[in-house]
Amino acid sequence: MEAFNAGTLAGAGSFHCDSCGFAVTLQEREEVPSCPECGSVRFKRASLFERYAPREYVPDAEGAPEWLAAARDALVKKGCYLAFEENGRVHVVPLQEGWTRVGRSLSAHVRFDDPTVSRRHALVYCDEDGGRVLDDRSLNGVILNGEQVEHASLEDGDELAIGRYRLFFLSLAGDGESSSARRQLAFS
């Protein structure tokens with residue numbers, strides 16, 4: 001693996017894959033990873049003045065992962081949650097009312113120590129009306145159900161792609177019922 005040694009801090013900064021344009025951010029003297037999109041190990045330093053086309057999102061052919069239904073069934077308290085799998089373990093994070101920071105920063109509420117995730121990648125806002133997501137000036141963007149978004153409302157079961165991670169927004173209306181199930185009952 002190659003490590004970059006140029007820049008304001010040795011090796012720190014943003015880089016784009018030479019093959020597909022996928023962005024990674026490195027801290028001092030971190031090794032350059034292989035690109036999570038195409039597998040290439042060739043990166044170049046990103047310029048503030050160049051525009052890169054957003055990467056194309058390729059949805060998982062399997063659809064929702066098997067663990068998602070079990071994670072949803074395990075929820076007992078009303079509220080909003082983010083569910084994701086990392087290193088073979090399923091994590092379900094309850095979201096506080098108001099803003100929740102998602103990113104690589106140590107101050108993030110939902111933290112991913114991965115170069116494909118920006119320090120300040122996204123903000124998720126939850127209240128009694130549901131949830132919303134806001135791209136917090138990330139390098140790779142926030143992908144909601146296959147489309148890159150700057151800000152959008154979240155529905156129960158929505159998939160967020162943040163860096164190489166797939167997160168699922170879960171909303172429990174009360175008594176173990178998801179908000180989408182509650183909406184369906186309301187319209188029946």
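His16 has Ala23 as its bridge partner in strand β2. In β3, the partner of His16 is Lys44. This is a predicted model, in which local features need pLDDT of at least 70 and side-chain atom pairs count only at pLDDT 80 or more, while totals for chains, interfaces and linings use all residues. Residues are numbered from 1 along each chain as its sequence is written, and side-chain values use heavy atoms, with hydrogens and water left out.

Now take the strands themselves. Strands (E, at least two residues) and helices (H or I, at least four) are DSSP runs, numbered from the N terminus. Two strands pair if DSSP finds at least two bridges between them. β1 covers residues 13-17 and β2 covers residues 23-26. They pair in the antiparallel sense over four bridges. Five residues separate β1 and β2, and the two strands form a hairpin. In the turn, Gly21 has a positive phi of about 85 degrees. β1 also pairs with β3 (residues 43-45), again in the antiparallel sense, over three bridges.

Next comes the interior. In soluble globular proteins, nonpolar side chains tend to be buried together. A nonpolar core here is a set of buried Ala, Val, Leu, Ile, Met, Phe, Trp, Tyr and Cys residues joined through side-chain atoms within 4.5 Å. Buried means under 20% relative accessible area, exposed means over 50%, and partly exposed lies in between (1.4 Å probe, protein chains only). The largest core has 22 residues. Leu82, Val102, Phe112, Val124, Val133, Leu160 and Leu167 touch the most other members. Elements giving two or more residues to this core are β4 (79-86), β8 (122-127), β10 (142-144), β12 (151-154), β13 and β14 (165-174). A second, separate core holds nine residues, including Leu68, Ala71, Leu75 and Phe168.

Not counting residues up to four places away in sequence, Val133 is in contact (heavy atoms within 4.5 Å) with residues including Ala122, Leu123, Val124, Val142 and Leu160.

Glu159 sits in strand β13 (residues 159-162). Glu159 is buried, at 13% relative accessible area. Its side chain joins that of Arg166 in a polar contact of 2.8 Å. A polar contact is a pair of N or O atoms within 3.5 Å; within protein, one must be able to donate a hydrogen and the other to accept it, and residues adjacent in sequence count only if both atoms are side-chain atoms.

Side chains of opposite charge can pair when their charged atoms come close. A salt bridge is a side-chain nitrogen of Lys or Arg within 4 Å of a carboxyl oxygen of Asp or Glu. The count by this rule is five. One of them joins Asp156 and Arg72 (2.8 Å, N to O). Asp156 lies in the loop between β12 and β13, and Arg72 in helix α1 (residues 67-74), so the pair ties together parts 84 residues apart in sequence. Asp156 is buried at 11% relative accessibility, whereas Arg72 is partly exposed at 23%.

Another salt bridge links Arg120 and Asp136 (3.2 Å, N to O). Arg120 is in the loop between β7 (110-111) and β8, and Asp136 in the loop between β9 (130-135) and β10, so this pair ties together parts 16 residues apart in sequence. Arg120 is partly exposed at 48% relative accessibility. Asp136 is buried at 10%.

Asp127 and Arg132 form a further salt bridge, with their closest N and O atoms 3.8 Å apart. Asp127 is buried at 16% relative accessibility, and Arg132 is partly exposed at 36%.
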